[in-house]
Amino acid sequence: MTETHSIAFSEDELDALVSIAIRRAEILDDIQSPAASEAWQEVMLYEERLAMITPPAEIAGGVARVGAVRAALAAGRRMEAVRLASRYLAEEPLPPERRAAIERAFQEDRDRLAGRFPALARSGRLAELDEWRAIASRNPRVFPLAA
Amino acid sequence: MRLALQDLCLRHPVLRGHPTDLAKCGGLALQRSGHASPVVAGVDHDGVTATAEIEWLSQAVSVLEVLDSNRVTEDGAEAVAIAYANSKAGWVVKRRLQRGEFADWLLRSETGWLALEVSGTISGEPLARLEQEKRQVARCTLPAGRLAIVVAFDRPLIVAGGP
């Protein structure tokens, strides 16, 4: 999280913000808007911030941790999702149900990608999508190598 | 039981500043079905029947021409359902849940937590819809009570039940 997002919000404020952001992201998803990815990044930031101020063993903390991972995946930021999941799964008090929910989020993302890119899924190359996304995020041009 | 939609943000502070005015959508959805405030709604909660008086600030129905009809129904149902959950057992909204949690809202009270799944219908059979919503919220794995509520605006009727 960058310095620009370091404003201290209370848990109640973050609950309100994440509620608004989730609603917006889901509506943008429903209409297949290209802005959905950015909206999910906003959700991820709020969930991550909530995870920082809530204990993993408590229901609010568990919801925020799974929410941060889910939002990162929905934003197409799989490496960020892996980083967050790794951090949260290392927290010993995180309940088994929340651990399973994180695993389920990744499985659902894999299923979603397999449905969207069946040829890559059939040839076992879905992981290449992460590399392509990483390249694309570093090179906002359509043809980075020709630039 | 009295469900005052105009007091929604007083009872659920997390809804303050929400760009979607759920209470307004609740009023619009009820007025669209020909009701005026206050209206007596039927309640069926796990087979136990009762009534609830729903009241709201009168809305200008002309805005319905520019609003998405389905969103008015769903957001209006959320207003009525959240008001019902509060009046019934003191549940207060904690936050909205992502779809992967299989419930729309997480609520809390002095006694614990509740995962709430909500749906609305303009007309049609709400009990069949309730069964769908109960199946959905049954998939929620959070250590919380689970409740599904469907609001049928034509009658009006609130049907609720746990999985």
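Analyst: Happy to. One definition comes before anything else: a residue is called buried here if 20 or more other C-beta atoms lie within 10 Å of its own, and exposed if 12 or fewer do. Please also keep in mind that this is a predicted model.

Let's take helix H5 of chain A, residues 96-116. Start with its length. At 1.5 Å a residue, the 21 residues of this helix should span 30 Å, and because its end C-alpha atoms are 30 Å apart, expectation and model agree.

Now look at which side chains point where. Arg98(A), Ala101(A), Ile102(A) and Ala105(A) are the buried residues of H5(A). If you look down the axis of H5(A), these buried residues fall within an arc of 100 degrees, so they line one face of the helix.

What lies over the buried face? The cover on the buried residues of H5(A) includes H3 and helix H4 (78-89) of chain A. Of these, H3 (residues 59-74) has the highest mean pLDDT among the elements of chain A, at 98. At the other end of that scale is helix H7 (residues 128-138) of chain A, with the lowest mean pLDDT, 73. For chain A as a whole the mean pLDDT is 88, and 87% of its residues reach 70 or more. Where pLDDT is low, the predicted coordinates should not be read in detail.

Chain A has 147 residues, of which 33% count as buried. Among its contacts with a separation of 6 or more, 50% are between residues 24 or more positions apart.

Chain A also has a neighbour in the model: 18 of its residues are in contact with 20 residues of chain B. On the chain B side, strand S4 (residues 92-96) gives the most, with three residues. That side of chain B divides into nine nonpolar, six polar and five charged residues.

Methods
Residues numbered from 1 in each chain as written. Chains lettered and ligands numbered in written order. Predicted model: local features only at pLDDT ≥ 70, side-chain atom pairs only at ≥ 80, totals over all residues. pLDDT = per-residue confidence, 0-100. Helix = DSSP H or I, 4+ residues; strand = E, 2+ residues; numbered from the N terminus. Expected span 1.5 Å × (residues − 1). Arc of directions from axis to C-beta. Contact = placed C-beta atoms within 7 Å. Nonpolar A, V, L, I, M, F, W, Y, C, P; charged D, E, K, R; others polar.
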